[in-house]
Amino acid sequence: MPLVTIERHILETQRRYPGATGIFSAMLYDMALAAKLIARETTRAGLAGILGAAEDHNVYGEQQQKLDVYANQTIFRMNDHTGRLCVMASEEHEDIIPIPPRFDTGKYVLLFDPLDGSSNIDVNVSVGTIFSIHRKVSKGEHGTLEDVLQPGRRLAAAGYVIYGSSTMMVYSAGQGVHGFTLDPGVGEFLLSHDNIRVPATAMYYSANQGNEKYWTPGVRRYIKWLQGIEGEGRKPLGHRYIGSLVSDFHRNLLRGGVFVYPGDLQKPGEPYGKLRLMFEAQALAFLAEQAGGYASDGLGDILDIQPHNLHQRVPLFIGNRDLVEKAEEYIRKYDQEWVAAYQPFRNQQPALT
Ligand code: P6P
């Protein structure tokens, strides 16, 4: 298999799909460079303790930063000056992030969760970066909240980086899902998983069983169905839950499975679960669909949800389409109380003024 870098892959894909602009290869390259820098730091993180890093300076004399702060700054700095973006948004920032006035603006929007699951670093569990790219829709030169709060159906591209036993970047620009593995010796991401498709037969389900007490009746029965206990006695799925969304998603993408983080009624007024629509669910839903899978909040396609708030949370069922649709079936049948509590949040419209 020839050595295919991200740039070569995009260029070859562009030839097959006229209209995809070279700008994607540039933006993915910007993300790839950020990923290499973050990978270097996440690998070194474990050494800080051993090498006696001072509270606020590491052994290299550099200002010691929390890794998610470092990841956030690195992604911002790799993208703020390129002239390709009109605005950015990060899970680490309350508001949208304007492009500094000294730089040109462009026609794309970058949203990112710089280091999802960063609490896992201290226990050497893999973590990830999640990113998505929308097209500018507002009239002015600078991006606005309107450019950021777009439904996932309009995404131009999305992807993630997984900092695990190896560093991988997985992305889609609407023509399939492709995985690249970092060769640290060369410093290049090389194509390792061309056109990833979710296997028709799923192997796993991923859910935090510690939350079972709070699950709604429909979700509880659905999990029992996945375990082969409820319903037509299907072959049980294995249970795999790392507690790092990118890692759980990535394994299920390659092996087939469903990731479940439902909403519940534990806290009245907060029926929407934990995960973020704009920084986690939309990007992964786009990838899941591109790989032949599906993502739902329990009522319908994540990609069809009109966001109303930058940091809004959604329930997430994502993976093999038949398994996700089964979740919707159980929720429609047994969780009317939860649906009634969640629906108003789902239907809220954005206040863009
Ligand atoms: P819980 C990590 O904090 C994260 O945002 C995701 O990466 C992960 O899937 C989820 O939270 C784990 O949440 O409640 O099971 O610990």
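1. **Hairpin β6–β7.** β6 and β7 form a hairpin with five residues between them. Gly-174 sits in the turn and has a positive phi of about 95°. Strands here are DSSP runs of E, at least two residues; helices are runs of H or I, at least four residues; both are numbered from the N terminus. Strand β6 covers residues 167–172 and strand β7 covers residues 178–183. They pair in the antiparallel sense over four bridges. Two strands count as paired if DSSP finds at least two bridges between them. Tyr-171 has His-178 of β7 as its bridge partner.

2. **Basis of the model.** This is a predicted model, in which local features need pLDDT of at least 70 and side-chain atom pairs count only at pLDDT 80 or more, while totals for chains, interfaces and linings use all residues. Residues are numbered from 1 along each chain as its sequence is written, and side-chain values use heavy atoms, with hydrogens and water left out.

3. **Hairpin β7–β8.** β7 also pairs with strand β8 (residues 188–193), in the antiparallel sense, over five bridges. These two strands form a hairpin with four residues between them. Gly-187 lies in that turn, with a positive phi of about 80°. Asp-183 has Glu-188 of β8 as its bridge partner.

4. **Overall build.** The chain has nine helices and 15 strands. Its radius of gyration is 20 Å, close to the 20 Å that the globule rule gives for 353 residues, so the chain is as compact as a globular protein of that length. The radius is taken over C-alpha atoms, and the rule is 2.2 Å times the number of residues to the power 0.38. Along the principal axes, the C-alpha atoms fill a box of roughly 55 × 50 × 45 Å.

5. **Burial and contacts.** Buried residues make up 55% of the 353 residues. Buried means under 20% relative accessible area, exposed over 50%, and partly exposed in between (1.4 Å probe, protein chains only). Take the contacts between residues at least 6 apart in sequence: 63% of them join residues at least 24 apart. A contact means heavy atoms within 4.5 Å.

6. **Surface and charge.** The accessible surface comes to about 15600 Å², and 50% of it belongs to carbon and sulfur atoms. Areas come from the Shrake-Rupley method with a 1.4 Å probe; for residues, only the protein chains shown count as cover. There are 35 positive and 40 negative side chains. The centres of the two sets lie 5 Å apart. Lys and Arg count as positive, Asp and Glu as negative; His and the chain ends are not counted. The place of a charge is NZ of Lys, CZ of Arg, CG of Asp or CD of Glu.

7. **The five-stranded sheet.** Five strands form an open sheet with mixed pairing, in the order β10-β9-β11-β15-β13. β10 (238–239) and β13 (294–296) stand at the edges with a single partner strand each, so one side of each has no neighbour in the sheet. β13 pairs with β15 (residues 316–319) in the antiparallel sense over three bridges. Ser-296 stands opposite Phe-317 in β15.

8. **Strand β3.** Strand β3 (residues 108–116) is mostly covered, with nine of its nine residues buried. Strand β1 (residues 85–90) runs parallel to β3, joined by five bridges. Val-87 has Val-109 of β3 as its bridge partner. Strand β4 (residues 127–135) runs antiparallel to β3, joined by seven bridges. Leu-111 stands opposite Ser-132 in β4.

9. **Ile-6.** This residue belongs to helix α1 (residues 6–16). Ile-6 is buried, with a relative accessible area of 1%. Leaving out residues up to four places away in sequence, Ile-6 touches Leu-28, Tyr-29, Ala-32, Met-169, Phe-180 and Phe-189.

10. **Helix α6.** Helix α6 (residues 245–255) is mostly covered: nine of its 11 residues are buried. Among the buried ones are Asp-248, His-250 and Arg-251. Gly-256 follows α6 and has a positive phi, near 85°.

11. **Positive phi outside glycine.** Asn-124 has a phi near 60°, positive in a residue other than glycine. Asn-124 lies in the loop between β3 and β4 and is exposed, with a relative accessible area of 74%. Asn-195 has a phi near 55°, again positive in a residue other than glycine. Asn-195 lies in the loop between β8 and β9 (204–206) and is partly exposed, at 41% relative accessible area.
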